Amino acid sequence: MDSCNSSSADRSSVCSWPSSSSLRCRSVVDFENPSLRTLSETLAIIFNLVPRLHPRAWSSSSCRLLPHVAQSSSSVCCVPFEAGFVLLKMNLISQNLPSKSRANKTKREDADEPSSLQGNEDAENEYLDILRMTKRKKERREEDEKLAMEQDREMKKLENSLFGSLYSPVEFGNEGKEDTQDWAENGSALFIMDRTASGVLSVYEEDAEFPERTNGEEETKQRKPVWADEEEEKTKINIAQVNRLRKLRKEEDESLISGSEYVSRLRAQHVKLNPSTDWAKLDSRASNDTSFDDESSDEENGAALAHGYEDVEPVEDVLRTNEDLVVRSSAKLLPGLLEYSRLVDANTEDPSKGPINAVQFHRNAQLLLVAGLDRGLRFYQIDGKRNTKIQSIFLDDCPIRKASFLPDGSQVIIAGRRKFFYSFDLVKARIDKIGPLVGREEKSLEFFEVSPDSSTIAFVGNEGYILLVSSKTKELIGTLKMNGTVRSLAFADGGRQLLSSGGDGQIYHWDLRTMACIHKAVDEGCLNGTALCTSSNGKLFAAGSDSGIVNIYNREEFLGGKRKPMKTIENLTTKVDFLKFNNDGQILAICSSMKKNSLKLMHVPSFTTFSNWPPLNKSLHYPRCLDFSPGGGFMAMGNAGGKVLLYKLHHYHQA
């Protein structure tokens, strides 16, 4: 008897019925279906199928069941019939094997199962439904997988179009290879090659072509047109028919040419009749490089080429940028006219109710100190638009005559016409009252100066004494004595030297390391000195007197014995109360509080005053104090009306 074998790949039921002499039934049943959990259910389906396939063979045969269930993943059960064998391949998972009790129950159910035709039809229908359900699940799973793959492909395509080639990064040296990404296949590239680094300006995606010339002239760059008319290739022009177009022919019998060829010949004829000039050629270079004769004069006048034009011909790139071609050099300030603009008042949020005696910028250029006789100390954040007030302090027992930051920005020294002074700690937001000083009987400490190294505070004392106080301990560390009364002080040489002047008309130089006077000389034309100021680099100092005369000296020459000043300024006619150099020493402010609008700004390099200052038809009131921001961009001036006028100096780009 032949045996029937079935491959594992075949999952469907197959029945073949040969001739009646050798009748065989071959049945392969899928036991991996989750609905067929038990052996009895499977055999019941087989017994129901076989009679319907061949009733005669089933009725005349003697059925004998030989079950054989192996412990492995597959086993074979043979059911012999008179017509042949039914070979069953069963793939049973070990964990799905029924328990013993369940097997016995199944046997009892099989024994009681009716063998009617109606029961057979129900079992067949149930099996067919199971097959259909399995097929539908498989199709749905395939559709879901296909949809997920399409969504993933669309997402990658979108990411590549937005962010470039994310899933196949660019490799150097493979620029000539074709890009296999979808975004490159469906549209134009998102990026172009920048060839300007090689020194040749390329406006288009491809390099410009350089046609060869037979006459030996220099090659010129031919740029591709930005837009091309597609109709030009289709259009035909008869150049032999029109008399004025016959000169475009290259051969005598030539008549019809394309539109693009017609355009190119017209351009060539135009260039032939109207040769271009050298300055109009793109990236042209003069054969003979010559320097400009007025280069030195431009530097002297403070004019300089804008950023990016130092090594480029000016005419060549004049239209390639919107930047300024000529800008003012930040190194030199030009004399004559001062470029400035009026901004919102610095204390517009909280104006003072009395005269302003002190204004000073913090080292960060954003914080402005304002103090006056209304006993208020106010801090503003300066931006030129709102100038927000940050904090205010009221001293009920001291009208403020002067207030100043320590150069390190940690404290504020506040003094008035009192025998004590205040120290306000900006970090701890604490104010301390200090004084009177031990061993001194001064009733007023209203005038003082702070050293640039923030170590010493010098107060003007009585009878020609200068009181030196430590900024850390706030204790008296020494005194200096002049022959006359002391009116003004100024530090020099980084805080190691001190200048003083007063009632005897002389200027003293003190060495604070030895506490001794190293030089003394008469200020020319001065009877009573009232103001002193030194430049930031320490080379110059200015001395003002009660007659309104201001002398500017070179400090080294003055110490060397030269008594004549570099410049004498006689613009004011009243007592000079205040002098101030700006951050780079190019502007000197001269102030007198005895007369309205008596504030002059002088251009130090040329020793001339700016003709457009003070502003016309603008009242400065009675100016009392002034300060420049650390970068030179802002200038704040306090007057007797309680206002702090704020100006922007356009020559300086930083506050």
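These legends go with several close-up views of one predicted protein model.

Residues are counted from 1 along each chain, in the order the sequence is written. Because the model is predicted, local features need pLDDT of at least 70 and side-chain atom pairs count only at pLDDT 80 or more, while totals for chains, interfaces and linings use all residues, and side-chain values rest on heavy atoms, with hydrogens and water left out.

View 1. The structure holds 12 aromatic pairs. Rings of Phe, Tyr and Trp (its six-membered ring) pair if their centres lie within 6.5 Å; planes under 30 degrees apart are stacked, over 60 edge-to-face, and the rest tilted. F448 and F459 make a tilted pair, 5.5 Å centre to centre with 45° between the planes. F448 sits in strand β16 (448–450) and F459 in strand β17 (456–460), so the pair ties together parts 11 residues apart in sequence. Strands (E, at least two residues) and helices (H or I, at least four) are DSSP runs, numbered from the N terminus.

**View 2. F541 meets F558.** This pair is edge-to-face: 5.4 Å centre to centre, 80° between the planes. F541 belongs to strand β25 (540–545) and F558 to helix α9 (555–559), so parts 17 residues apart in sequence are tied together. F541 counts as buried because its relative accessibility is 0%, and F558 is buried at 0% too.

**View 3. Charges over rings.** The charged end of K402 sits over the ring of F448, 5.2 Å from its centre. R440 has its charged end over the ring of Y465, 4.7 Å from the centre. To count, NZ of Lys or CZ of Arg must be within 6 Å of the ring centre and within 35 degrees of the ring normal.

**View 4. F607 in its loop.** F607 lies between β30 (599–603) and β31 (608–609). Beyond its neighbours within four places in sequence, F607 is in contact with I552, M566, K567 and M602.

Conventions
Contact = heavy atoms within 4.5 Å. Buried < 20%, exposed > 50% of the residue type's maximum accessible area, 1.4 Å probe, protein only.
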